[in-house]
Amino acid sequence: MATSASSSSPPPESPQTCNISGDESLEVNLELERMIEDTENMTVHLTWMAYDMVALRTNPEFIVSLQKLKDAVQRCKTTVWSEQQPQTNKCTNAVQ
């Protein structure tokens, strides 16, 4: 009975027979580290998204509180920008 190994492709090269220079190896390692870091960042982001979803679904009052907070921030921004606008005009008029 013939084994399937005889008809399959040869095994991949082992690290001992691979011809990668030191610079190429360093570049590959840096790229892998960057990819791992990106994956970790995505995992953290997804974890916070899942946490937020659970918090929103389990506590309906949280949604109301969040909307009130957003409204308060918008009112503050409007107030700050409306107060800064006349001062900017006064400064530009004084310069001219």
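A residue is called buried when its relative accessible area is under 20%, exposed when over 50%, and partly exposed in between, with a 1.4 Å probe and protein chains only. By that scale, 1% of the 96 residues of this chain count as buried. The model is a predicted one, in which local features need pLDDT of at least 70 and side-chain atom pairs count only at pLDDT 80 or more, while totals for chains, interfaces and linings use all residues. Residues are numbered from 1 along each chain as its sequence is written, and side-chain values use heavy atoms, with hydrogens and water left out.

**Overall fold and confidence**

The chain contains two helices and zero strands, where helices (H or I, at least four residues) and strands (E, at least two) are DSSP runs numbered from the N terminus. Helix 1 covers residues 22-58, and helix 2 covers residues 60-95. The accessible surface, calculated by the Shrake-Rupley method with a 1.4 Å probe, amounts to about 9200 Å², and 62% of it belongs to carbon and sulfur atoms.

The average pLDDT, the predictor's confidence in each residue on a scale from 0 to 100, is 76 for the chain, and 68% of the residues score at least 70. For residues 1-5 the pLDDT stays under 50, and the model gives this stretch zero contacts beyond four places in sequence, a contact being heavy atoms within 4.5 Å. Where pLDDT is low, the predicted coordinates should not be read in detail.

Two salt bridges are counted, each requiring a side-chain nitrogen of Lys or Arg within 4 Å of a carboxyl oxygen of Asp or Glu. They are set out below.

| Salt bridge | N to O distance |
|---|---|
| Glu31 and Arg34 | 2.5 Å |
| Asp38 and Arg34 | 2.7 Å |

Glu31 is partly exposed at a relative accessible area of 37%, as are Arg34 at 41% and Asp38 at 34%.

**The aromatic pair**

One aromatic pair is present; rings of Phe, Tyr and Trp (its six-membered ring) pair if their centres lie within 6.5 Å, with planes under 30 degrees apart counted as stacked, over 60 as edge-to-face and the rest as tilted. The rings of Trp48 and Tyr51 have centres 5.6 Å apart and planes at 85°, so the pair is edge-to-face. Because Trp48 and Tyr51 are three residues apart in helix 1, about one helical turn separates them. Trp48 counts as exposed at 54% relative accessibility, and Tyr51 counts as exposed at 51%.

**A nonpolar patch**

Phe62, Leu66, Leu69 and Val73 make a nonpolar surface patch of about 330 Å². Patches are made of residues with over 30% relative accessible area and no salt bridge, like charges being joined within 9 Å and nonpolar side chains (Val, Leu, Ile, Met, Phe, Trp, Tyr) within 5 Å. Leu66 is found in helix 2 and, with a relative accessible area of 33%, is partly exposed.
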